[in-house]
Amino acid sequence: MDRMEVKRDIYQLWLHYKAKNEEDYFHQFVRGFVSIWEEQLQLDWSSLPNWTDIRPDAGPHLSRLPEELLTAVTQFMQQAKQDTERKTLNCGTLSEIELIINLLTILARNLDNIPLVASCDYVSISIGMAATVIHQLVEESAHFGEAGVSFFLTVCHLLEVLYDPYFTWRHFLRGNEANFEKIAFQPALLHVEVIPFIYDCFETSLIESYPHLGSELLHVLGAVVSGAQHNALRAICPATVNMIVAIVDNPVTPTELRYHALQCFVLMARVLLKSAPDQRQIEVGTMVQQLREVLLRGVKEENWTPDGVHAFTQIVSAMRALLARPVSLKRTQAHNISYTHAQALHAHMQQLLIDCQIPDALLLLLKESAGKNVEKQSMAVEVVRIVSALLAGSSTVKERLLKADVYSRLAEALRSLGDPKRPLLRALLALASEEEGFSSTESESPLKNGHALLILLRWLPAVPDVDQVWLAENIAKLCNASLQSRVVCSAHKVILEICSLMEQHTSLSRAAVGELLGLLEGLAAHCITPIELKSIFLLLREGDPDEKCPYQSQLLHAISAVARRGEHSDCHYFFDIQNDTDGLSVPGIRKWPGAGYGFSFHCWVKLDSETECDAPSPPSPASRTASPSPVASPASVVSGRSLLSPMMGASPSATTPTSPASSHASSRVDATNKRRQLFNLLTSNNTGVEIFFRADGMLVVAISTKKEFLTATVPDIPLADNRWHCIGVCITMARRPFGHNQIQVFVDGSQRLAASIKFPSMSEPFTYCTIGSVVQRGAATPGGLSGGDGTSRRSQAQ
């Protein structure tokens with residue numbers, strides 16, 4: 001039958017109902033209406049459309065439906081409510097009301113209808129009936145059977161579309177988080193009956209009897225929390241958190257239900273972290289402590305069955321989900337503001353998990369699992385991943401874990417689990433590179449965590465032969481990924497570890513030894529200490545054939561290759577500047593030797609190319625107090641990256657003036673808002689000169705006066721190419737009144753920029769002079785130089 005004819009027949013049913021006031025006509029009308037729109041909307045709850053594809057007008061608008069439709073719906077639902085109170089509700093009535101609730105769900109798919117539908121009593125009536133149904137189903141005091149289960153699911157779906165019309169919760173479960181800045185329509189305000197209804201249902205034996213209905217209830221709670229923050233803050237309270245924790249802690253909870261509960265827990269914690277403290281009914285730290293207690297309680301009760309270990313793994317995975325790192329996909333200033341806020345929240349969550357002693361709980365979990373006859377590698381992988389997430393981008397957390405001896409305790413706990421499998425080795429390699437995951441074919445990430453590398457090296461003899469060569473290859477690739485990687489290896493004395501491994505040559509395959517010797521040669525060519533050289537020579541000793549190293553010829557070849565390296569010139573002494581606290585601070589210059597004298601700045605610099613995930617916050621240049629993010633930039637003098645002033649450089653023939661007062665506004669539209677600071681010479685009034693590199697590697701000289709911020713950019717020479725460059729900047733003051741000051745910039749011996757520019761008076765004392773870092777107020781070091789903590793300490797082998 002044609003769809004228009006069907007619609008015409010349905011409309012006739014409505015006319016018959018209005019004329020004769022017979023219930024059958026209304027129920028036929030509802031049944032036909034639902035069948036047409038369910039086919040058109042295609043609401044498959046197991047495969048919902050992406051939130052970006054949801055149209056606000058997908059469902060029918062109330063203005064195009066009969067005016068008295070909602071009145072009739074209210075009438076029939078009130079009758080069903082009375083039947084429920086009288087305990088005369090039967091399966092037939094339940095099925096009719098289920099169709100009416102389906103009709104309301106369809107109406108809510110037109111987002112304009114949500115406020116009106118939510119303002120009526122439909123939610124409270126539906127919840128009251130659903131509560132009665134679920135209690136009778138669990139107690140088996142009525143014979144609703146599948147009709148009762150179907151009705152309960154329909155009520156849950158109605159609540160979900162009201163509170164989360166874009167299905168952001170369902171997409172969160174799939175790892176596709178919604179961008180709420182692009183969502184125009186707000187969900188319904190949370191009804192007061194919803195949260196007590198969910199809590200009351202879980203107080204019954206619902207988990208044991210109908211676990212899939214428990215999952216649907218958690219979908220409703222997740223929709224409330226995900227749909228809108230104002231609803232979430234009303235829903236997240238001690239009672240709901242205790243309910244979630246109890247579900248997780250229940251040993252009979254199925255895997256899927258526990259997963260949904262933990263994901264709901266993660267989302268609650270994230271929402272609370274973004275909210276103001278006075279809006280919270282419970283603190284995030286309290287939530288994390290409760291989850292930690294569940295983990296420790298399971299360990300104490302020795303729940304080491306396969307299901308118990310899987311539950312432990314799920315809990316650890318949820319803890320790691322709390323530390324999901326923000327990803328920068330755009331380069332707009334407004335996005336970077338939001339991204340920087342997310343970075344701050346991530347850092348706060350890292351500190352919070354450390355304060356709650358999560359690492360100690362995880363190490364205890366691994367220690368107690370040793371010797372148990374169950375598969376524990378998946379759990380160990382999750383533990384390593386959460387340690388990696390805790391460390392990522394936080395020097396403070398690294399210091400705290402180092403003081404707590406976490407690395408040695410982690411290594412000991414992992415060795416107690418037996419021979420490692422490749423997923424665990426991949427997780428440790430990811431920990432060494434501080435990345436989300438490690439790919440042996442695609443990863444070019446530099447080595448950042450030398451302690452994790454030492455764990456892998458010391459574990460290499462115990463790795464099965466099939467994985468030993470693979471691991472040795474990836475260790476060598478990671479250590480040789482960049483100059484920064486070799487610097488980290490040198491700082492952690494990797495050559496000594498390789499020599500120690502060579503003494504255990506019987507436990508190593510020939511191919512693995514070849515990879516280690518190649519790594520030794522590369523690191524020794526970079527830099528080597530006398531102690532390390534002595535350790536290599538000790539391997540060449542003649543003695544008992546059983547103790548003699550069988551790879552002496554390869555060692556001699558490696559030493560010869562290092563000695564011949566003098567033919568290739570490279571820099572071996574440099575300051576490795578990675579963080580905002582690194583760099584050089586020169587004492588304040590109180591008296592400049594003559595107001596007519598300028599100055600020159602000269603250095604060799606090497607900039608590493610940056611990764612996409614690096615993104616800073618966006619302050620104005622007038623403040624000069626922006627917090628820089630760490631940057632991988634080993635160099636003789638290399639800038640720690642700070643925030644780029646909104647004034648992008650000018651052409652060589654002109655400068656770009658901008659008032660500091662307007663700089664913040666202009667920064668809103670700047671797409672490249674970060675820089676690597678090379679040199680600062682500033683007075684206490686923020687006047688002076690800055691030299692920095694833009695995000696694209698272009699060199700910029702900036703002059704700040706009391707009224708203007710001027711920049712001049714060296715054109716067409718991006719320097720972020722992982723090569724050494726000679727930089728010279730000369731500022732010549734005017735020799736006569738009303739003359740022009742001159743800036744000259746030389747790159748690799750050639751003049752690349754000459755421009756006239758204003759310059760502040762040289763008669764004022766210069767309070768801040770830093771090289772390789774942003775100005776740290778009060779951090780000027782009088783009386784000498786303070787170097788970064790990454791100064792290269794060793795020389796090449798000749």
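Q: Which residues have the most contacts inside the largest nonpolar core, and how many residues does this core have?
A: In this predicted model, the largest nonpolar core has 208 residues, and those with the most contacts inside it are Phe-26, Leu-104, Ile-198, Leu-221 and Leu-414. Helix α14 (residues 255-274) gives the most to this core, with 12 residues.

Q: What does Ile-198 touch, leaving aside residues up to four places away in sequence?
A: Ile-198 touches Leu-217, Val-220, Leu-221 and Met-243. These count as contacts because heavy atoms lie within 4.5 Å.

Q: Which residues does the second, separate core include?
A: The second core has 36 residues, including Phe-599, Leu-719, Ile-731 and Phe-759. In general, nonpolar side chains tend to be buried together in soluble globular proteins.

Q: How do you know that the span of helix α18 agrees with its number of residues?
A: Helix α18 (residues 358-369) has 12 residues, which should span 16 Å at 1.5 Å a residue.

Q: Why is strand β6 described as largely enclosed by the rest of the structure?
A: Of the 7 residues of β6 (residues 688-694), 7 are buried, so the strand is largely enclosed by the rest of the structure.

Q: What makes β5 and β6 a pair?
A: Two strands pair if there are at least two bridges between them; β5 (residues 674-683) and β6 are joined by 7 bridges and run antiparallel, so they meet the condition. Asn-680 stands opposite Glu-690 in β6. The two strands form a hairpin with 4 residues between them, and Asn-686 in the turn has a positive phi of about 70 degrees.

Q: How many bridges pair β6 with strand β7?
A: Strands β6 and β7 (residues 699-704) pair in the antiparallel sense over 6 bridges. Gly-688 stands opposite Ser-704 in β7. In their hairpin, Gly-697 takes a positive phi near 90 degrees.

Q: In what order do the strands of the open sheet of 4 strands lie?
A: The order is β2-β9-β10-β11, and the pairing is antiparallel.

Q: Why are β2 and β11 called edge strands?
A: Strands β2 (599-606) and β11 (750-757) each pair on one side only.

Technical notes. Residues numbered from 1 in each chain as written. Predicted model: local features only at pLDDT ≥ 70, side-chain atom pairs only at ≥ 80, totals over all residues. Heavy atoms only, no water. Expected span 1.5 Å × (residues − 1). Buried < 20%, exposed > 50% of the residue type's maximum accessible area, 1.4 Å probe, protein only. Core = buried A, V, L, I, M, F, W, Y, C linked by side-chain atoms within 4.5 Å.
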